[in-house]
Amino acid sequence: MVADQQTNRTRESRSTIDPAHVLTPTQLLAAVLVLLVVSVPAFIAGAATTTSPGWVPAMFAVAAVRDVPLALVFVYRLLTKHRQQITSDAVYERAVLQVPHASRALDESLTQAGVDTEGLVTGTATADQQVRTALEQLEAVMSILRDRAAEGAVPPDVELNLARALMAERRWAEAAEHFDRYVSQVDADWEVHYVRGVAHANTRGGPPSDLSAWRAYNDAIALLPDDADPNSTARLFTYRGAMAKRLGKYDQAEADLQLARRHATANYEITDIAYNLASVYAMAGRRDEALTELRTLRDRGGINVVHGHLDDYFSTLRRDPEFRQITGT
């Protein structure tokens, strides 16, 4: 008899829910589902076994039928109106609070390392150990937010700092992704679109990344101030022309590159324009114009860049004796 009483008490402790322990919407959701599993069979059993008074079986049956939709409505309310409370947890909330601090630390480390727009564009910016450490800390916090599908909780300036640091680390595709998220949230200036274009271009993911780079350069040109440095203007048109070249739009590439030449005064811009024009002319079958540009490139000391593209841009000329004489191949 004592053993039976202990067994009954054990069953009762397992099947009952202590209201004092239901503290969060998630626990409440679990409690509702437990009650649903327990109550519906109990109502059905009551309807099947109870005989008097006569109206009781009908009430049990009605309760069993109504219990399910009422529970579903309650669960729906929890998953919609109280979704934020259900999905929140201590780790997530702590990560949200840590993101701004980690982002500021990364921004400060980038400044101390001298990472700027020019360095990111030309590829001379490098991430030192302090930048890498700050980047790892911010990425660790961001991984928590991503695991909980909470990308919307990331402020735009965090996306920008991540993009700059990743670009300094030559992680082009990841940098481009964060630049895209940044410009989708704010009205970015021309320099951000400029660097975003370089990130997409350096990804070298084929037509999709080339097209994304072309669009970014186009946005940068549209926002370029009237008093911008002429060589910056030349470089933007050169880079957009280079993307048009990759996409096989040779007429558009030539137009951009010739426009860039009107602004260029620095040796980097002049040689880059000559190289890209030579590439366009070679692929378009315009041999004499390609050789003219290659002579300009040689005279400016930039002919070595051609050697890495003998199998693509200059494949039609690689056996041409005059081409080989100019390029020293």
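1. Start with helix H13 (residues 250–263) and H14: their axes come within 10 Å and cross at roughly 155°. That makes H13 roughly antiparallel to H14 (the label for angles over 145 degrees). Axes here are lines fitted to C-alpha atoms, over the stretch in contact for helices, and angles run from 0 to 180 degrees between N-to-C directions.

2. A quick caveat: this is a predicted model, where local features need pLDDT of at least 70, side-chain atom pairs count only at pLDDT 80 or more, and totals for chains, interfaces and linings use all residues. Residues are numbered from 1 along each chain as its sequence is written, and side-chain values use heavy atoms, leaving out hydrogens and water.

3. Who touches whom between H13 and H14? On H13, the contact (heavy atoms within 4.5 Å) includes Tyr-250, Leu-257 and Arg-261, and on H14 it includes Ile-273, Leu-277 and Tyr-281. By class, that contact has 10 nonpolar, two polar and two charged residues.

4. Now look at helix H8 (residues 156–168) and helix H9 (residues 172–185), whose axes come within 8 Å and cross at roughly 155°. H8 and H9 are therefore roughly antiparallel to each other. Among the residues that meet are Leu-160 and Arg-164 in H8, and Trp-172 and Phe-179 in H9. The H8–H9 contact divides into 10 nonpolar, two polar and five charged residues.

5. H14 turns up again at the largest pocket: along with helix H6 (117–122), helix H10 (190–203) and helix H12 (230–246), helix H14 (267–283) gives two or more residues to the lining. By class, the lining has 14 nonpolar, seven polar and four charged residues.

Note on methods:
Helix = DSSP H or I, 4+ residues; strand = E, 2+ residues; numbered from the N terminus. Nonpolar A, V, L, I, M, F, W, Y, C, P; charged D, E, K, R; others polar. Parallel < 35°, antiparallel > 145°, perpendicular 65-115°, else oblique.
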